[in-house]
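Welcome! Please take a first look at the model below, and then we will walk through it together.

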Amino acid sequence: MEAAGYSYQFRIALLGDAGVGKTSLLRCYVAGARGAAEPDPEPTVGVEFYSRALQLPAGLRVKLQLWDTAGQECFRCITRSFYRNMVGILLVFDVTNRESFEHIQAWHQEVVSTQGPDKVVFLLVGHKCDLSTRCVSSQEAEELAASLGMGFMETSAKSNCNVDLAFDTVTSAIEQALQQGDIKLDKDWAGVRLLHRSPNPRSSSRKQDSGTCQC
Ligand SMILES: Nc1nc2c(ncn2[C@@H]2O[C@H](COP(=O)(O)OP(=O)(O)OP(=O)(O)O)[C@@H](O)[C@H]2O)c(=O)[nH]1
C-alpha cells in the first residue's frame, strides 16, 4: 500500500450491551473534551453514524466513519446487517456491569460469524473507568482480550480518559493491516474505501482537534 497522499475511509463500529456508554464514548471522541460535559444521551435507535478526519504519521489521510449501534436486543436484526461492512470494531463493556462483560464473547461471535475474523480489527474497551464501583478487574479483561486475540483499553467519557487513544489504536492497527496486505480493498466491501489520491501529501504529523488523555 502506498500511504502518503492517499485518502481512505475506515468504517468502525461500537458494539456492546445497552447502557454501557457507546454513544457517550463516540460523542466524546467526535466532540473532543467538551463531549465529556454533554447531557446523557437517549438510547440509540437502530444505528447512527458520526465522522472524524485524521492524518496519520505516514501522511495517510483517513476519514473515520463511526457507527453507533443500539445495544437493545430488539434492534439486533438491524445492527447485525451492518457488521459485514466494518473494518474496525470496539467491543464495549461497562466495568461496573459484570453482565455486560460476560456478553462480550457473544458480541465477538456475532461479528465473526457474519464476516469471518480476518477482515476486522477488534479492540476490547472497559468503559466508565472513572467509577470506583467496578466489578470487572483490568487483569480479567486483559485475559479475555488476549484469548480473543485483541487489545484491551479502559476508557471514560466522563473524565475523557483514553478516548482518543482507543480510536487511535484501532485506526493504527487497520493502517498496519492494510500496509501488510492483511486487509485488502474490495469493491464489494465498504469497510475500507479509497476516497482519492492527492499528488502533494501534507505534513507528516498526526493532526487531531482534541487532546489525548492517557490516564
Ligand atoms: N460514570 C460514567 N457514566 C457514563 C460514561 N459513559 C456513559 N455514561 C452513562 O451511561 C449511560 C448510558 O450511556 P449511553 O452512551 O447512552 O450508552 P449506550 O451504550 O450508547 O446505550 P444504548 O444506546 O442503549 O446501546 C448514560 O447515563 C451515560 O451518562 C462514563 O464514562 N462514565
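**The overall build**

The protein has 6 helices and 7 strands. Reading from the N terminus, the order of its elements is β-α-β-β-α-β-α-α-β-α-β-α-β. Of its 215 residues, 40% count as buried.

**How confident is the model?**

The mean pLDDT of the protein is 84, with 83% of its residues at 70 or more. For the model, ipTM is 0.98 and pTM is 0.87. One stretch calls for some care: over residues 201-215, pLDDT stays under 50. The model has 28 contacts beyond four places in sequence for that stretch. Where pLDDT is low, the predicted coordinates should not be read in detail.

**Around the ligand**

Which residues come nearest to the ligand? They are Gly-21, Thr-23, Ser-24, Thr-44 and Gly-71, out of 21 residues around the ligand. By type, the shell residues divide into 7 nonpolar, 9 polar and 5 charged. The element that gives the most to this shell is helix H1, residues 22-31, with 3 residues.

**Where H1 meets H6**

H1 also packs against another helix, H6, which covers residues 163-179. The axes of H1 and H6 lie 9 Å apart, at an angle of about 90°. Angles from 65 to 115 degrees count as roughly perpendicular, and H1 and H6 are therefore roughly perpendicular to each other. On the H1 side, the residues that meet H6 are Leu-25, Cys-28 and Tyr-29. Their partners in H6 are Val-163, Asp-164 and Phe-167. The residues of this contact divide into 5 nonpolar, no polar and 1 charged.

Phe-167, in helix H6, deserves a visit of its own. Is Phe-167 buried or exposed? It counts as buried, because it has 25 C-beta neighbours inside 10 Å and the cut-off for a buried residue is 20 or more. Leaving aside residues up to four places away in sequence, Phe-167 touches Tyr-29 and Leu-64. Phe-167 and Leu-26 are 141 residues apart in sequence, while their C-alpha atoms are 9.3 Å apart in space.

**Two residues with positive phi**

Finally, turn to two loops. Lys-128 sits in the loop between strand S5 (121-127) and helix H5 (138-147). The phi of Lys-128 is positive, in a residue other than glycine. Asn-160 is found in the loop between strand S6 (151-155) and H6. Asn-160 has a positive phi too, although it is not a glycine. The table sets out the values for both residues.

| Residue | Phi | Other C-beta atoms within 10 Å |
|---|---|---|
| Lys-128 | near 65° | 26 C-beta atoms |

Why does Lys-128 count as buried? Lys-128 is buried because 26 other C-beta atoms lie within 10 Å, and 20 or more are needed.

Note on methods. Residues are numbered from 1 along each chain as its sequence is written. This is a predicted model: local features need pLDDT of at least 70, side-chain atom pairs count only at pLDDT 80 or more; totals for chains, interfaces and linings use all residues. A residue is near a molecule or strand if its C-beta atom, placed from the backbone, lies within 6 Å of it. Helices (H or I, at least four residues) and strands (E, at least two) are DSSP runs, numbered from the N terminus. Ala, Val, Leu, Ile, Met, Phe, Trp, Tyr, Cys and Pro count as nonpolar, Asp, Glu, Lys and Arg as charged, and the others, Gly among them, as polar. A residue is buried if 20 or more other C-beta atoms lie within 10 Å of its own, exposed if 12 or fewer, and partly exposed in between; C-beta atoms are placed from the backbone. pLDDT is the predictor's confidence in each residue, from 0 to 100. Two residues are in contact if their C-beta atoms, placed from the backbone, lie within 7 Å. Axes are lines fitted to C-alpha atoms, for helices over the stretch in contact, and angles run from 0 to 180 degrees between N-to-C directions. Angles under 35 degrees count as roughly parallel, over 145 as roughly antiparallel, 65 to 115 as roughly perpendicular and the rest as oblique.
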